Amino acid sequence: WPSVHTTLWKTLFDERLKILVEDLGKAVTPSLEELWIYESKRRVRDWLLVHRMPHPKTWVFFDEEECMEMLSSASLPIVFKADRSAGSAGVVICRERRTAESLVRRCFRRGFVPRRSDPRDRQWGVALFQEYLPDVQEWRMVRIGDSYMCRYKEKKGDFHSGMGSVRWEKPSRELLELTRRVTDLGGFAGMSVDIFETTDGKLLVNELQTLFGAILEKNLERGIEHRGRWLLRPGGDDWIFEEGDFYRNACANLRIQAVLQKPGSSPPNESP
């Protein structure tokens, strides 16, 4: 579980994991590819773009002038996002152009620091904006191995993320299929896929996170009948539901099972 407390620590883990996997031939879970895009909105945006996955329109700028030019004619509100931040700590909904322009100047001059981040760790030289989609619903779909789970991300104020609110839900077939499509294409064995549903029914991938926090054992009775996992019936295209607490330990139990069930895998060595 790489630390993302600072950009330096994330970079350190990226470098060490690459050596561990590609030069020393070790297996890690989550995979190197899953951890590469972990906690980087820029990398996720590029991955979604190149694989033509439906997602909110997102702009990434490494030049202040170009960013300001886009903002001069952009529709408002528009959403500013830090590259690395948990929950909604680095997200600002800009309803006035001057707010967005002020954030851009900060990004390209003294640097931007998301809330609850180390004040020395300034995100400098890059700015990311996303189109604002009003009244969307958001779903957290999780796939670990062959298990799929679904939570509805309730909105509080302007945000769905970081609210600490849990409601289990039965996913639509479309949500399950989009999650399967994303994870199959990336070869992702463990991934949460946050999906927006727009007012006209479009599904858009908002974020990908291979690691995510455990759910506190409280207020979990809402939607309790949907607390479990969905499995694709072997040899078919039907989805079946299995009730149970598969989310526990931040899905670590499921991750271990998925690793051990991989073709060619062997059980861990017993202690002498």
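**Hairpin.** I started with the hairpin of β10 and β11, where six residues sit between the strands and Gly235 takes a positive phi near 75°. This is a predicted model: I took local features only at pLDDT of at least 70 and side-chain atom pairs only at pLDDT 80 or more, while totals for chains, interfaces and linings use all residues. Residues are numbered from 1 along each chain as its sequence is written, and side-chain values use heavy atoms, with hydrogens and water left out.

I looked up how β10 (residues 228-232) and β11 (residues 239-243) pair: the sense is antiparallel, over five bridges. Strands pair if DSSP finds at least two bridges between them. Helices (H or I, at least four residues) and strands (E, at least two) are DSSP runs, numbered from the N terminus. Opposite Phe241 in β11 I found Trp230.

Most residues other than glycine have a negative phi, and most peptide bonds are trans. I noted the exceptions here. Arg52 is not a glycine, yet its phi is positive, about 55°. I placed Arg52 in the loop between α3 (41-50) and β1 (58-61). Cys251, also not a glycine, has a positive phi near 70°; Cys251 is in the loop between β11 and α7 (252-260).

Are these two buried or exposed? Arg52 counts as exposed, at 74% relative accessibility, whereas Cys251 is buried at 0%. For these words I used under 20% relative accessible area for buried, over 50% for exposed and partly exposed in between (1.4 Å probe, protein chains only).

Then I checked for cis peptide bonds. Thr29 to Pro30 is cis, with omega near -5°, and Pro30 lies in the loop between α1 (7-23) and α2 (32-36). Leu76 and Pro77 are also joined by a cis bond, omega about 0°; Pro77 is in the loop between α4 and β2.

**Salt bridges.** I counted a salt bridge when a side-chain nitrogen of Lys or Arg is within 4 Å of a carboxyl oxygen of Asp or Glu. By that rule I get 21 salt bridges. One of them is Lys41 with Glu207, at 4.0 Å, N to O. Lys41 is in helix α3 and Glu207 in strand β9 (residues 203-209), so this pair links distant parts of the chain, 166 residues apart. I found both Lys41 and Glu207 buried.

Next came Asp118 with Arg120, at 2.7 Å, N to O. Here Asp118 is buried at 12% relative accessible area, but Arg120 is exposed at 73%.

I also looked at Asp237 with Arg173, at 3.6 Å, N to O. Asp237 is in the loop between β10 and β11 and Arg173 in helix α6 (residues 173-186), so the bridge ties together parts 64 residues apart in sequence. Asp237 is partly exposed at 46%, and Arg173 is partly exposed at 39%.

**A buried loop residue.** I looked up Ala82, in the loop between β2 (78-81) and β3 (91-94). Ala82 counts as buried because its relative accessible area is 3%.
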